Amino acid sequence: MEPAEKLLILGESAKYDVSCSSSGTDRAGIKGGIGSAAKAGICHTFTADGRCISLLKVLLTNNCIYDCAYCINRKSNDIKRAAFTPQELADITINFYKRNYIEGLFLSSGVVKNADFTMELMVRAVRILRQDHLFNGYIHIKAIPGASQEVLDEAGLLADRLSINMELPSDSGLKLLAPDKKMADITAPMGHIKEKIIESKADKFSRKSFAPAGQSTQLIVGATGDTDKQIISLSENMYTGMNLKRVYYSSYIHVNNDSRLPVPVNSPLLREHRLYQADWLLRFYKFKADELLDEEHPNFDTRFDPKAAWALRHMEQFPVEINTADYEKLLRVPGIGVRSAQRIIKARRACAIGVDDLKKLGIVMKRARFFITAKGKSAFEGRFSGRVISARLLDAPKQRYEQLSLFKPEAVLLPAPEDTLKSITGEL
Amino acid sequence: MQKSYVYDGTFEGYLTVLYDIFKSGDEPASICRTDTGSATLNLFSDERHTAAEEKKYMLMKKAIIEKISAETFENTVHAFLSEMPDIEMHIYRYINTGREKGNDVNKLLADDNVIPVLRAAQRVKHEGHRMLGFVRFADAGGIYYAKINPDANILPVIIPHFRTRFGSQKWIIHDVVRNLAAFYDGGKCAIKPVESLELNGAADDETKYADMWKAYFKAMEIKSRHNSKLQQQLIPKKYRGNITEFR
């Protein structure tokens, strides 16, 4: 089989992986080599579904000994199979990179023979890239559950980032849908990688850093009955307990017919979108998982973003006076993101900000105006009450979709393109 | 009578003009580059043509950095590269405000003398960052050649990135809107005006890799989530003529 055909098959098999980030590394390059890692990630192109392609995302092989219910590459599926030799994959990567098609490589794989055998092949491809092609660009290796510490250690010294997929939010889900995988096979290597990263950071004299861009993971959402609260609490644990850089959520895509799997429901994308919004709130807005959701509200509101939903339940903390509120308070105002909060703080040092100044500052007032005052003045006309405001907040999207019939609820619930963009940039 | 200034279109020329203006202490009527024609000039004002002078340029640059701030100089450079209409007068007002307020000028986010420059600078930085991803090289037999058609004159903004990334590779980035090209020979880099660029052939495997990339790009779409509106927002059509996977 020609490498071009392999690339198609193995790219196709890898595309359901959501992570594509290439940021946050500070590894020193090989002298005289090619490539660099940009501190802020770079998107090289966008597919027709609007996803960024930054890395060459590909499997080494889609042969697999496992039979996970949700996976397109499971062994019981009758699909075209292919496998790169490490050399072929390294050559394609370097040639794409030299033409500036990509920022680096995101390498994952089906499992052949066993975890270690597979990972050794992956490591070999990456070693050819680093040592023969003197490649200094970004590499993300997806570790295989159950891999030994030795092979993880090798991978960590070559890659910028390592990740192991959690796959499903709960052990019971794993037992049902991925019976060959055990939670311990996932958490043990994760813990080992965490320790190695801490060790490597502490060792100031070592020239080789271990996965300098950190560790991440991915969860499939909607394939099991787990609530948003369970998922977001798990993410919080991952961030605090495992020091993960990112948790990615992939709304379940129906590729196999299997009685264990749920029937596809409407708007899984909206749920994924809400989880990403909540994830930003955990990482950059200092929210706790149990603030966002509780026993009474185990799932995110489809109508409001998680921050607005939280604010509507906590009207006693609003309105916030933008000239005096501290940074943390500003961040909790719906519609004010990290950038807006920073701009407000910068601008008010020069002089007090009035309502009219906010627009000039580039603050999006669509949601924010209901929750703030400027120089004591309210930014909207109307009564300050949760009921009034939630009705007004719902007003705008209704107009946008009023042409749609009630029988197409999924169309109404799709996030608008600008909202999807926001979940990438994190301006909530 | 208020003076109208005409300069040679270079950044050095522009700072030379600013130097003259601040030296004279008079408010200028307009500042235009020679190639945009004097049609926009006020007929009743005194017109002055200025050529770039190294000494005045350096003095002006130093004055901005030392008396206002390095951030202000950076914003000036970026805003100038935007080539937006009247950007010269906007920058003049911005620096004039800076002479009074110092580096606080960059905090006056609601001041009409400041907003246009900060917005222009922001736009140029944004387009520059996008271009880091959108530039596409083709191997023309040992030299990697790329064409771009940006809104702003972003070559100076993106060159440092490509020098670091492809330091051991010869390359040319050609801005076909401005007929300018950055030539990098593996050591030095220079931006030169070019009329047309003849390259001798392509590497044997050039089409092979371009085709592989195109096919891969197409295969990466998740069809059930098709959203070309979002795609268009993220990678505007105007750039696509020079982007391999859209050709």
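Two strands count as paired if DSSP finds at least two bridges between them. Helices (H or I, at least four residues) and strands (E, at least two) are DSSP runs, numbered from the N terminus. This is a predicted model, in which local features need pLDDT of at least 70 and side-chain atom pairs count only at pLDDT 80 or more, while totals for chains, interfaces and linings use all residues. Residues are numbered from 1 along each chain as its sequence is written, chains are lettered from A in the order in which they are written, and side-chain values use heavy atoms, leaving out hydrogens and water.

**Sheet of chain A**

- Chain A has an open sheet of six strands in the order 3-4-5-6-7-8, with parallel pairing.
- Strand 3 and strand 8 (246–251) of chain A are the edge strands, each pairing on one side only.
- From one strand to the next, the twist averages 20° (axes are lines fitted to C-alpha atoms, for helices over the stretch in contact, and angles run from 0 to 180 degrees between N-to-C directions).
- Five bridges link strand 3 of chain A to strand 4 (residues 104–108) of chain A in the parallel sense; Leu56(A) has Leu105(A) in strand 4 as its bridge partner.
- Helix 7 (residues 228–241) of chain A packs on the sheet and touches strand 7 and strand 8 of chain A, where contact means heavy atoms within 4.5 Å.

**Sheet of chain B**

- Chain B has an open sheet of three strands in the order 2-1-3, also paired in parallel.
- Strand 2 (30–33) and strand 3 (46–50) of chain B each have a single partner strand, so one side of each is left without a neighbour in the sheet.
- Strand 1 (residues 3–7) of chain B is joined to strand 3 of chain B by five bridges; Tyr7(B) has Thr50(B) as its bridge partner in strand 3.
- Helix 1 (residues 11–24) of chain B packs on this sheet, touching strand 1, strand 2 and strand 3, and its direction makes about 155° with that of strand 1 of chain B.

**Where the chains meet**

- In the interface, 57 residues of chain A are in contact with 51 residues of chain B.
- The buried area between the chains is about 4,800 Å², with 61% from carbon and sulfur atoms; buried area is the accessible area (1.4 Å probe) that two parts lose on being put together, summed over both.
- Five salt bridges are counted between chain A and chain B (a side-chain nitrogen of Lys or Arg within 4 Å of a carboxyl oxygen of Asp or Glu).
- A salt bridge joins the side chains of Glu71(B) and Lys346(A), at 3.8 Å, N to O.
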